[in-house]
Amino acid sequence: MYIIFSGAFYLILAIMILMNKGLEKFYNLVEAFEMLPTIGKKSAIRLAYYIVTENTFIGMKLAHSIETAIRDIRQCTQCYAMSENEICEICLDDERDDETLCIVQSAKDIFIIEESKQFSGKYFVIESLEEHIIQDLVKRVEKSKVDHILFAVTPSIANDAFILYIEDRLKNKNITFTKIAQGVPTGVSLENVDILSLSKAITGQIKI
Ligand SMILES: [Zn+2]
């Protein structure tokens with residue numbers, strides 16, 4: 001019953017917004033929320049309504065957090081992960097295995113793999129096969145004496161080509177290449193894979 005009521009409520013509010021020119025600032029906020037991934041019109045209205053009327057403190061905190069995060073977060077110069085400093089905490093962590101490198105295609109995949117607690121090496125983010133990134137990878141492999149590379153990428157033909165290309169660039173360096181496999185469906189991004197499946201995928205690596 002509550003769901004029906006709230007659905008109707010937000011629909012009415014949406015119509016009011018469209019009709020009332022005096023709510024342009026509110027409507028701009030709704031539009032901004034709607035631009036975010038996974039947020040639809042109804043959720044955008046709900047969020048905007050919540051922070052401007054029900055909890056302005058959260059609204060201000062959100063605005064401040066967004067501003068400082070965008071200003072202060074950059075790429076780690078060693079692995080291209082997100083970092084507040086020149087070198088990220090994982091790269092600086094002496095407890096982690098320097099000789100095992102996990103290659104991911106998005107910095108956000110690192111959070112998901114860390115959540116699984118199945119990997120204790122270091123990371124390297126390759127969003128695209130740009131030459132300067134590959135050269136940084138080669139330097140990293142040589143400097144840290146990397147002997148094992150795990151590809152944490154979802155299975156697809158494009159990703160097989162991605163793996164082959166990197167393997168080829170690192171040939172003759174005595175590296176064992178593995179990739180995650182079990183439980184990770186074809187063509188699905190890592191953020192949509194549940195932690196248990198991902199944990200199994202990491203522990204059950206396949207040798208390439
Ligand atoms: Zn790093």
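In which sense do S3 and S5 pair, and over how many bridges? In this predicted model, local features require pLDDT of at least 70 and side-chain atom pairs count only at pLDDT 80 or more, whereas totals for chains, interfaces and linings use all residues. Residues are numbered from 1 along each chain as its sequence is written, and side-chain values use heavy atoms, with hydrogens and water left out.

S3 and S5 pair in the parallel sense, over 4 bridges; two strands are taken to pair if DSSP finds at least two bridges between them. Helices (H or I, at least four residues) and strands (E, at least two) are DSSP runs, numbered from the N terminus. The open sheet comprises 5 strands in the order S4-S3-S5-S6-S7, with mixed pairing. Its edge strands, each pairing on one side only, are S4 and strand S7 (206–207). Within the sheet, Cys102 has Leu150 of S5 as its bridge partner.

The largest nonpolar core contains 43 residues, and Ile113 and Ile149 have the most contacts inside it. A nonpolar core is a set of buried Ala, Val, Leu, Ile, Met, Phe, Trp, Tyr and Cys residues joined through side-chain atoms within 4.5 Å. Burial is defined by relative accessible area: under 20% is buried, over 50% exposed, and in between partly exposed (1.4 Å probe, protein chains only). Elements giving two or more residues to this core include strand S3 (97–104), helix H6 (108–116), strand S4 (121–125), helix H7 (131–143), strand S5 (148–151) and helix H8 (157–169). H7 gives the most, with 5 residues. Contacts of Ile113 (heavy atoms within 4.5 Å), not counting residues up to four places away in sequence, include Cys102, Val104, Phe119, Tyr123, Leu198 and Ile202. A second, separate core has 7 residues, among them Phe33, Ile45, Ala48 and Ile51.

A zinc ion is coordinated at 2.3 Å by the SG atoms of Cys76, Cys79, Cys88 and Cys91. Donors are N, O and S atoms within 2.8 Å of the metal (3.2 Å for Na, K and Ca); water is not among the atoms, so sites may look incomplete. Along the chain, the zinc donors follow the spacing C-x2-C-x8-C-x2-C. The arrangement is tetrahedral because the 4 donor atoms subtend angles of 105 to 115°, the criterion for four donors being that all angles lie between 85 and 135 degrees.

The whole structure contains 9 salt bridges, each defined as a side-chain nitrogen of Lys or Arg within 4 Å of a carboxyl oxygen of Asp or Glu. In one of these, Lys173 pairs with Glu142, the closest N and O atoms being 2.9 Å apart. Lys173 lies in the loop between H8 and strand S6 (176–179) and Glu142 in helix H7, so this pair ties together parts that are 31 residues apart in sequence. Both residues are partly exposed, Lys173 at 29% relative accessibility and Glu142 at 46%. Lys179 and Asp160 form a further salt bridge (3.8 Å, N to O). Because Lys179 belongs to strand S6 and Asp160 to helix H8, the pair ties together parts that are 19 residues apart in sequence. Lys179 is partly exposed at 26%, as is Asp160 at 35%. Arg71 and Asp72 also form a salt bridge, with 3.2 Å between the closest N and O atoms; Arg71 is exposed, at 56% relative accessible area, whereas Asp72 is partly exposed, at 35%.

Definitions and conventions: Tetrahedral: all angles 85-135°; square planar, octahedral: opposite > 155°, others 65-115°.
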